[in-house]
Amino acid sequence: MLKRALAIISLLLIGYWIAQGLAGVPFGQDRMLVAQYYLDHVKEQTGAVNAVTAIVVNYRGFDTLGEVTVLFIASTGVGALLWRRKKQRTAKTEGSIVLTTGTRLLVPFVMLFGAYIFIHGHLTPGGGFPGGATIATAFLLLYMAFTAYEIPHKAFEKTEGAVGMAYVLVGLIGLVIGGYFLYDWIWQDWGFGVDNIGRLLSGGFIPIIYTIIGLKVGTELSGIIDNMLKEEVSE
Amino acid sequence: MNALTAIGEALVLIGTFFYFLSALGLIRMPDVYNRMQTSTKSATLGSLGVMVGVGIWALGTDFGSAAWLTKTVVIAIFLLLTNPISAHALIRAAYKRGIPLWEGSVVDKYREHIEAKEREEVEETPAEEGGEE
């Protein structure tokens, strides 16, 4: 009781403190300094209509590379923590016929939608991370509905590594051509898609990077699910 | 305000009404199964009404285009396919966990079916052993 009261009082104090700090920030007023620059120049500098993905991939590409690395480390960490000699799925109850049939029907559409999200990162809300998570959801559905399902490990782990390398490679090509890492050579030098901003074939290297990230996130999250669902079996 | 706008508004109104009925069913119904029954059906229907209604409503406005209707119809079909499956999985899981039916229920054919199956298995096992000998 005393513990709970103390926790509530301290939380209220922290909340009041944060609210005091935020009270000085004007809400709903035009206080954009850097953001105004982004909004004014995003189209001619990156070719993307979606300013968020342009910032995340183009202006601040290092952050995205860091996030991909964090996710990779998380996946590897889960794999290392749950590593055992012999692991199998020990699920016993198969899903009902409605569930399995529904999953069979829906999984291709979920995957298609995930691919749609990451391919259209420069045009619509979303991008590589939500698209990849959607694809991983399709694999989670398969894992949940079938007792014996397993992702194709060989292909998945190879894809994961290859697309991770591809991201760095795209950045390194930029370093060679333009002088700095993650330089958007497709847009800046080739001018590819200048005439059709707002259509699919535009946006510099954002669609390419997001396809890479989508595949990477999809395979990584599926791998994490796979590791978490398996249990040790006694010989 | 033209005919398309009016139809869209009417559909959205019907949809929200069914949403309300769905929420009311959650409060009013006595057990899990009845609650799922009321909420799933009327929420699915309500969503369909709202989504298709918004699409048609957008067709009637001067800024709207057919893209709205296409998107909302796609979402509506997806929801129409997935909502019953999720409800089925939830109810089945609840039954398997042994959550009791409402005390006013009179018939539970599924339990009878499971028990009959178990009895059959118990009777069959010794018979098979006898056949092998």
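Hi everyone, let me start inside chain A, where A:Glu150 and A:Lys230 form a salt bridge, with 3.0 Å between the closest N and O atoms.

Now for the aromatic rings. Searching the whole structure gives 8 aromatic pairs over all chains. One of them is A:Phe139 with A:Phe156, an edge-to-face pair with 5.0 Å centre to centre and 90° between the planes. Here, too, distant parts of the chain are linked: A:Phe139 belongs to helix H6 (residues 128-145) of chain A and A:Phe156 to helix H7 (residues 153-178) of chain A, 17 residues apart.

Let's move on to where the chains meet. How many residues does each chain bring to the contact? Chain B gives 7 residues and chain A gives 7 residues. About 640 Å² is buried between chain B and chain A, and carbon and sulfur atoms account for 84% of that area. On the chain B side, B:Ile85, B:His88 and B:Arg92 lose the most area to chain A, together 57% of what that side buries. Sorted by class, the side of chain B touching chain A has 4 nonpolar, 2 polar and 1 charged residues.

And what about specific polar links across it? Between chain B and chain A there are 0 salt bridges, and the count of residue pairs in polar contact is 1, with both residues at pLDDT 80 or more.

Finally, how far can we trust all this? For the complex, the predictor gives an ipTM of 0.77 and a pTM of 0.83. Chain B has an average pLDDT of 85, with 92% of its residues scoring at least 70. Which helix of chain B has the highest confidence, and which the lowest? Helix H1 (residues 3-28) of chain B is highest, at 91, while helix H4 (residues 109-132) of chain B is lowest, at a mean of 72. Over residues 128-133 of chain B, pLDDT stays under 50, and the model has 0 contacts beyond four places in sequence for that stretch. Where pLDDT is low, the predicted coordinates should not be read in detail.

Methods
Residues numbered from 1 in each chain as written. Chains lettered and ligands numbered in written order. Predicted model: local features only at pLDDT ≥ 70, side-chain atom pairs only at ≥ 80, totals over all residues. Heavy atoms only, no water. pLDDT = per-residue confidence, 0-100. Helix = DSSP H or I, 4+ residues; strand = E, 2+ residues; numbered from the N terminus. Contact = heavy atoms within 4.5 Å. Buried area = accessible area lost by both parts, 1.4 Å probe. Salt bridge = Lys/Arg side-chain N within 4 Å of Asp/Glu carboxyl O. Polar contact = N/O pair within 3.5 Å; in protein donor to acceptor, adjacent residues only side chain to side chain. Nonpolar A, V, L, I, M, F, W, Y, C, P; charged D, E, K, R; others polar. Phe/Tyr/Trp six-rings, centres within 6.5 Å; stacked < 30°, edge-to-face > 60°.
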